[in-house]
Amino acid sequence: MPDLLLELFSEEIPARMQARARDDLRRLVTDGLVEAGLTYASAGAFSTPRRLVLTLDGLSARSRPQREERKGPRADAPEAALEGFLRATGLRRDQLDLRDEKKGQVWFAVVEKPGRPAAAIVAAVVDQVIRSFPWPKSMRWGSGSLRWVRPLHSILCLLSDEGGAEVVPLEVDGIAAGNTTAGHRFMAPARFAVSSFDDYRARLRRAFVVLDPAEREAQIWHDATTAAFAQGLEVVPDAALLAEVAGLVEWPVVLMGSIGADFLGLPPEVLQTSMKEHQKFFSVRNPGTGRIERFVTVANRETADHGATILAGNQKVLAARLSDAKFFWENDLRVVHDVGLEGMAAGLADVTFHNKLGTEAERVQRIAALAREIAPMVGASPDLAEQAAKVCKADLQSAMVGEFPELQGTMGSYYALDQGLDPAIARACKEHRSPLGPSDDVPTDPVSVAVALADKIDTLTGFWITHFESDWDDDEDMDLGTRNNPDQPTGSKDPFALRRAALGVVRLLLTNAVRVNLIPHFYSVSQTIIPNTPASLYQGSTEIKRGKYSEINADFERLKAASPRGVAMSHWLFDAATGQSLLAFLHDRLKVFLRDQGIRHDVIDACLAMPGKDDLTLLVKRAEALSAVLKTEDGANLLAGFKRANNILTQAEEKDGVEYSYGADPKFAETDSERALFTALDQAEATITPALRTEDFATAMAAMAALRAPIDAFFTDVQVNSDNPVLRRNRLNLLHRIRSVCGQVADLTKIEG
């Protein structure tokens with residue numbers, strides 16, 4: 001069984017595209033080969049700046065013959081049908097079989113395809129892959145029609161086994177496949193022949209090319225950390241930068257340079273960001289002081305002067321970059337000294353956040369009001385939370401953030417400390433946008449939590465309001481299932497990062513065990529976006545059935561007549577739907593977050609049916625207790641017994657047209673197991689009710705699970721649908737008690753299985 005070696009040699013491939021290109025090459029080629037009837041044992045894909053490489057071990061030498069039977073038209077079908085069948089199969093009429101079927105004779109075609117050699121299949125598949133490769137961006141060059149990320153110079157395509165190697169006969173846009181490649185562009189540019197993947201890899205290393213990007217990463221990190229350790233320093237970890245730099249070099253040579261003394265006073269984040277973004281340098285810091293003192297750069301070649309000339313050039317360019325950063329830093333500090341952070345933020349009044357949500361300054365005022373409202377619930381000072389919110393976005397007007405947007409918040413914290421503000425305010429400036437992703441750290445300082453929650457709730461509520469305002473037709477009922485708005489996330493599109501904001505709210509609340517009902521805060525934000533929201537309407541019935549607002553047309557007509565059109569319509573829409581819709585969106589993010597922690601979505605659904613579902617911490621506490629009970633034998637068996645009781649009761653109520661919800665009396669019990677179930681339900685209810693009142697869900701769930709044995713015994717000994725109507729009614733009412741007692745804890749009908 002031969003091995004395949006494929007190399008596509010080109011000009012430099014952008015580092016950011018290499019990982020995906022490796023995966024695409026392996027997937028497209030292997031899928032094509034398997035579809036054509038070949039098999040293989042293992043596959044590996046590699047890349048350097050100038051080459052994409054695929055190797056397959058144990059490729060089958062040829063595809064297996066295929067025999068396919070295809071059923072055609074009936075013998076008495078029109079001639080045109082038979083001619084079409086012949087064209088589709090490529091056969092003649094005398095090559096068809098006429099077979100007897102139940103409904104008459106039918107034409108059958110037996111199509112036999114002989115096996116094909118691997119070389120022919122590989123040539124066809126590789127040709128197709130190269131011509132249709134899914135580069136994010138590609139180009140044409142010269143007079144050819146081929147598109148590639150950068151000009152493609154050569155194709156190496158070999159099939160090798162114990163008998164030797166053969167070049168796959170392949171030509172793409174005038175580039176014929178061969179058995180040669182080139183080494184390092186400067187250190188070993190001559191082309192050389194190879195005979196197998198092992199030979200190829202070894203010869204590349206002798207030609208100063210490290211083929212495996214993971215090996216290049218490991219070598220860079222080892223050499224960089226070793227050099228830093230030798231001087232009592234440490235390299236700041238940066239996995240993304242390490243992967244990018246490994247994609248820029250074929251023969252990594254680590255060099256350490258120094259930072260000018262004039263720049264050592266800059267904040268470490270400024271030095272690190274400037275060196276990373278502009279120069280692709282690693283930062284080297286003093287572990288004792290935390291100050292960035294040196295840098296590591298990675299050259300793509302060895303030099304006679306051991307990199308001295310390269311370092312000198314890099315340090316010259318770096319000095320120019322850091323001079324700009326120093327100017328921005330000093331200029332921003334002068335502004336803060338002159339007008340303070342709130343003065344710096346004054347320019348936000350001229351920056352539009354969203355055409356329906358006002359300016360950044362108006363948004364800051366909303367966040368400040370909401371942060372003050374939330375502060376007592378998270379243990380923060382309302383005054384500090386409000387003050388922090390008012391300055392948390394001031395650095396958007398700073399020269400430094402204008403140059404380095406990724407430093408938003410970080411620079412605000414430095415400016416706040418320089419102004420002498422409370423350290424909690426400085427932390428809130430830095431942390432108010434966190435968490436930005438599922439692995440980002442979650443703020444725990446109370447002021448930071450208050451401002452971060454306010455920021456995200458304002459974003460979510462604001463865009464939900466624009467959604468429900470955007471295309472309302474007051475002559476028609478609004479159907480949530482058919483509405484579309486570009487601001488709201490759909491599929492993979494999320495232009496305002498609302499999923500990230502929702503997950504941020506979830507993580508902030510759960511990590512800090514914050515007890516807060518979200519719906520009133522949604523209302524608070526809506527009131528500041530469009531004033532004079534009638535709270536009485538907000539507190540009224542807003543249930544939406546089947547996606548329609550069928551229950552509140554009268555309220556809408558009353559409100560529309562009493563208020564200006566814009567305010568009335570906007571707030572009728574908010575009060576009717578926005579809060580519940582937004583809460584459902586947060587619940588979806590919560591389910592995704594908890595799934596990784598082993599809590600199933602149906603367990604969350606069972607708890608969502610209970611009161612207090614806009615308190616996510618309470619909701620999760622209930623769900624965790626229910627999840628734990630369902631994992632026990634008693635919990636699983638109780639669920640089965642509950643569903644049996646619920647099914648019998650539901651069927652009886654549908655059949656009889658009545659609701660069996662009152663009157664279960666133990667005096668009508670005939671058996672010991674029936675009487676025991678009455679007693680068990682009384683005991684469970686006596687435990688569950690006070691436990692739920694104190695939010696002791698573990699006790700409530702345990703009491704519910706204890707019903708497993710008496711329910712099992714009841715169904716074993718008792719026939720519910722007795723011929724005696726009195727006994728039947730009493731037993732159905734008893735089943736209702738099972739449903740109502742368990743229903744105090746969670747809606748077990750939502751649990752699957």
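I take a residue as buried when its relative accessible area is under 20%, and I keep to that cut-off throughout these entries on a predicted model.

**Helix α15**

I began with α15, where the buried residues are L498, A501, A502, L503, G504, V505, V506, R507, L508 and L509. Since 10 of the 14 residues of α15 are buried, I noted the helix as largely enclosed by the rest of the structure. I then checked its length: at 1.5 Å a residue, the 14 residues of α15, numbered 498–511, should span 20 Å, and the end C-alpha atoms do lie 20 Å apart, so expectation and model agree. After the helix comes A513, and I recorded for this residue a positive phi, near 50°.

**Helix α3**

I repeated the length check on α3, residues 118–131, for which 14 residues at 1.5 Å each should span 20 Å, and its end C-alpha atoms are again 20 Å apart, in agreement. I found α3 mostly covered, with 10 of its 14 residues buried. The buried set consists of A118, A119, I121, V122, A123, V125, V126, D127, V129 and I130, and I noted that D127 and R507 are listed among the buried residues of α3 and α15, respectively. Which elements cover the buried residues of α3? I found that they include the strands β1 (3–10), β7 (152–161) and β9, together with the helix α1 (15–35).

**The pair α23 and α24**

Next I looked at how α23 (residues 672–693) and α24 (residues 697–705) are arranged, and found that their axes come within 8 Å and cross at roughly 160°. On the α23 side the contact is made by A684, T687, I688, A691 and L692, while α24 contributes F697, T699, A700, A703 and M704.

**Backbone entries in loops**

I then turned to the backbone, and found that S434 and P435 are joined by a cis peptide bond, with omega at about -5°. P435 lies in the loop between α13 (423–431) and α14 (446–470).

For D173 I noted a phi near 55°, which is a positive value in a residue other than glycine. This aspartate is found in the loop between β9 (171–172) and β10 (175–178). Is D173 buried, partly exposed or exposed? At 32% relative accessibility, D173 counts as partly exposed.

K280 is likewise not a glycine and has a positive phi, of about 60°. I located K280 in the loop between α7 (268–279) and β15 (282–285). With a relative accessible area of 26%, K280 is partly exposed.

**The whole chain**

Last, I looked up the totals, and counted 26 helices and 18 strands in the protein chain. How much of the chain is buried? Of its 753 residues, 49% count as buried. Finally, among contacts in the protein chain with a separation of 6 or more, I noted that residues 24 or more positions apart account for 68%.

Conventions:
Residues numbered from 1 in each chain as written. Predicted model: local features only at pLDDT ≥ 70, side-chain atom pairs only at ≥ 80, totals over all residues. Heavy atoms only, no water. Helix = DSSP H or I, 4+ residues; strand = E, 2+ residues; numbered from the N terminus. Expected span 1.5 Å × (residues − 1). Buried < 20%, exposed > 50% of the residue type's maximum accessible area, 1.4 Å probe, protein only. Axes fitted to C-alpha atoms, helices over the stretch in contact; angles between N-to-C directions. Contact = heavy atoms within 4.5 Å.
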